[in-house]
Number of protein chains: 2
Amino acid sequence: MITLPAIRKAHLIVSRVALRTPILPLKFSDRLETFVKCENLQRTGSFKIRGAWHRISKLPKSCKGVTASSSGNHAQAVAFAARMRGLPACIVMLDQSVPHKVEGTRSYGAEVILGGSTSVVITERAEREAAERGWVFVPPFNDPDIIAGQGTVGLEIVQDLRGVRSVIVQIGGGGLSSGVMTAVKESNPKIKIFGVEPAGAAKMRAALDAGRVVTLPEVKTIADGLKPTRVSELTLEHVSKYADDVVGVDDADILDTARHLLLQEKLVVEPSGAAALAAVRAGKLKLPKGPAVAILSGGNADVRMILDSPPGGALRA
Amino acid sequence: MITLPAIRKAHLIVSRVALRTPILPLKFSDRLETFVKCENLQRTGSFKIRGAWHRISKLPKSCKGVTASSSGNHAQAVAFAARMRGLPACIVMLDQSVPHKVEGTRSYGAEVILGGSTSVVITERAEREAAERGWVFVPPFNDPDIIAGQGTVGLEIVQDLRGVRSVIVQIGGGGLSSGVMTAVKESNPKIKIFGVEPAGAAKMRAALDAGRVVTLPEVKTIADGLKPTRVSELTLEHVSKYADDVVGVDDADILDTARHLLLQEKLVVEPSGAAALAAVRAGKLKLPKGPAVAILSGGNADVRMILDSPPGGALRA
C-alpha cells in the first residue's frame, strides 16, 4: 500500500517538472462551492506526467531507454518525461488511438508503434520491446511509484483548498484514484472521496462487487482514457479501502459536461477528464455541504467533437 | 491620475466578487518563461467584472438601476454586477455584437437593447436611457473607479509572480491598460510594460503620436473587444506616462494565437484576449530576459470560428 509520506516524498520530485495546477470555482454558478482541479492545464495535457516523471526520474543511470503502452495520455507523459531525462522512448499505442494523442506523443520525440486494438495486446508488445532492447517498461498504473506520483494531485487539493469536504476522481486503471484517495483520506479521514467511472467501463465497480479483479468482456465509452478492461490488485486494494462510493456515469452526461466546460468555463477538457464533474452535475453523488473538488484529469480533447455533440444528457443542473 | 494606493483599496472590494485568476506558464514550451494571467477564467468570462463591480458596489443605496454600452464583455460584467447588487440593468449593445455575448448578458438578467452600429451611438443611447429612467450610466473605461478596478489585474501579477520582468497588456479604450500599467510601474518601475492593440484599431498609437486623443475614421479587426475608435484623455495620460512601448498586431497573428491557446494550452480565449500574447509570439516586442506575463483578458469566444481559422500568421514561434 502507498502511504501519505510516500506521496509527500514523491511531490518533491514531481513538482520539479509538473505544474501545481490551479483549483478554480465553477464561476458560472452563483454559489462557488464546486471546484475543479485543472490537470487539463498540466504539462503534456494531463496528470499522467506526475507518475511518469516520478517513475522515470528514479531510473538508474544505466537505463538506456523506456517503453510504455497507452491509449494516449500516459504515452505523451512518458515521451515528455523520457525527453527530460535524455532517454529514448518507444510507445505502443492502440490502433484506434485518437490521432492528436498520437501526434502529441511523436511531438515529444518518441517512437510510436500502433500495436493492436486492446490494452492487453499493446502492453505485451511494449513489454516485449523493452525486453528486446534492454529498456525499461513504464506501466500506466500498476506501480507504487506511478500511484504515489498521481497521488500528488490529492496532496495539492488538501493543501491548497482549505475546508474541502469532498473530492471526486475518475477511475481508469485506478492509478490516479488510488493515489488521490490515499493522499486525501490519510490527510483528513473526514473528507469524503468518490470514484467515478463510465457506466460502459465499470471495471472498478465490478471488482468491488466481486471482491477481486474482474476483466470486463468489453468496454464501451467515449472516455478513451478510462477504457482499461480491468483494474489491478494494487489499485483495487486502495480504492476498496478509501472510497466512500464508486459510481457510474453515462457518456451523454460526460459529453454535456465537456461541452459546458468548453463553452461556459472556457476550459478544454477531454471526455475522460470531464467524467468526475459529470457525476456531480448529473446528481449521482451524495455530496456533503461545503467545498467539493472534481478533478479535470486531462485536456487532450478533440474540440470539434465536443462542439458538435448535442447538448443534454440526464442533467439536473 | 489613478494611484497604487487606490488600486490596492479597489482590490479589497473587487476580490469579494472577482476570482484571483491563476498565472500559468505556457506549458508546451520547455523553457517556462512566458506566463499568462488567465482573466479568460474570470467570472463573466473577462476582467471587466473587476471594474464593473468596483464601480457598482460604490453606488449609493438610493441608486435605482444601471445602464451601460458595450460590444459584449463590459455588458456581461455590468449585468452580473448589477444582479449581485440587486439592481436592474439596461445594456445597449452594438447591432453586430457577437450573439453569444448578447445571450450571456441576457442570462444575467439584464435588459438588452441593440442600439446602433458604433460605440458613439450606443453610448449616447445608454446615457439617454439612464437620464430618462433616473438610473446610473456605468462607462466602459473612462472612469477612475473602473480603471482602478481593472488595475487589480496588474496588482495580482506583481504579488503572485515573483521576479516578473515584463507585462504585456492589450488596449481597447485603455481602461485595463491604464490600471495595469499604474499598478505594475508604481509597484516596481524596473518591470517593463507593453501595450498591444490591433493594427487595424491603433487608436492609442495614434493618440500617442498626436499627443492628444484622436478618433479613428474606421477600425477593422477580429478583436471585437478592442474596437473603440478612440481612447480617452484619462487613459492616454496613464499609458503615455507608463508604457515602455505600444505596438500593433495583425489579426492573423491574433487568430493563430487564439488557436494555439485552444488546441495546445487547453484555454478558450477570445481574439481580444489573445492579442497581448500574439505580440509576444510574433516577436513584436523587445522583451527583457526573465518571466514575462501576457494578460489573457477574456474568454467569451466563438470557439468554432477559432477552430475553423487557418493556422499561420507571421509567427516565429
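How many of the ten residues of α2(B) are buried? Nine are, so this helix is largely enclosed by the rest of the structure. The model is a predicted one.

**Helix α2 of chain B**

- The buried residues of α2(B) are Lys48(B), Ile49(B), Arg50(B), Gly51(B), Ala52(B), Trp53(B), His54(B), Arg55(B) and Ile56(B).
- Helix α1(B), residues 4–14, packs against α2(B) at an angle of about 90°, and the two axes are 9 Å apart.
- That angle makes α1(B) roughly perpendicular to α2(B).
- On the α1(B) side, the contact is made by Ala10(B), Ile13(B) and Val14(B).
- On the α2(B) side, Arg50(B), Trp53(B), His54(B) and Ser57(B) take part.
- By class, the residues of this contact are four nonpolar, two polar and one charged.
- Arg50(B), Trp53(B) and His54(B) belong to that contact, and they are also listed as buried.

**The sheet in chain A**

- Four strands of chain A form an open sheet with parallel pairing, in the order β5-β4-β3-β6.
- Its edge strands are β5 (111–114) and β6 (136–137) of chain A, each pairing on one side only.
- Strand β4(A), residues 89–93, is joined to β5(A) by four bridges, and the two run parallel.
- Which residue of β5(A) is the bridge partner of Cys90(A)? The partner is Glu111(A).
- Helix α3(A), residues 73–85, packs on the sheet and touches β3 (66–70) and β4 of chain A.
- The direction of α3(A) makes about 165° with that of β3(A).
- In general, strands of a sheet pair through backbone hydrogen bonds, either parallel or antiparallel.

**A strand pair in chain B**

- Strands β4(B), residues 89–93, and β5(B), residues 111–114, pair in the parallel sense over four bridges.
- Within this pair, Ile91(B) has Val112(B) of β5(B) as its bridge partner.
- Between the two strands, the chain passes through helix α4(B), residues 99–107.
- This β-α-β crossover is right-handed.

- Most residues other than glycine have a negative phi.
- Lys266(A) is not a glycine, yet its phi is positive, at about 65°.
- Lys266(A) sits in the loop between α10 (251–263) and α11 (271–281) of chain A.
- Is Lys266(A) buried or exposed? Lys266(A) counts as buried because it has 28 C-beta neighbours inside 10 Å.
- Thr44(B), also not a glycine, has a positive phi of about 70°.
- Thr44(B) lies in the loop between β2 (34–38) and α2 (48–57) of chain B.
- Thr44(B) has 29 C-beta neighbours inside 10 Å, so it counts as buried.

**Where the chains meet**

- The contact takes 18 residues from chain B and 18 residues from chain A.
- On the chain B side, β1 (23–25), α10 (251–263) and α12 (303–308) each supply at least two residues.
- Helix α12(B) gives the most to this side, with three residues.
- The side of chain B that touches chain A has eleven nonpolar, three polar and four charged residues.

Technical notes
Residues numbered from 1 in each chain as written. Chains lettered and ligands numbered in written order. Predicted model: local features only at pLDDT ≥ 70, side-chain atom pairs only at ≥ 80, totals over all residues. Pairing = 2+ DSSP bridges. Contact = placed C-beta atoms within 7 Å. Axes fitted to C-alpha atoms, helices over the stretch in contact; angles between N-to-C directions. Buried ≥ 20, exposed ≤ 12 C-beta atoms within 10 Å, placed from the backbone. Parallel < 35°, antiparallel > 145°, perpendicular 65-115°, else oblique. Nonpolar A, V, L, I, M, F, W, Y, C, P; charged D, E, K, R; others polar. Right-handed = clockwise from strand over helix to strand, strands pointing away.
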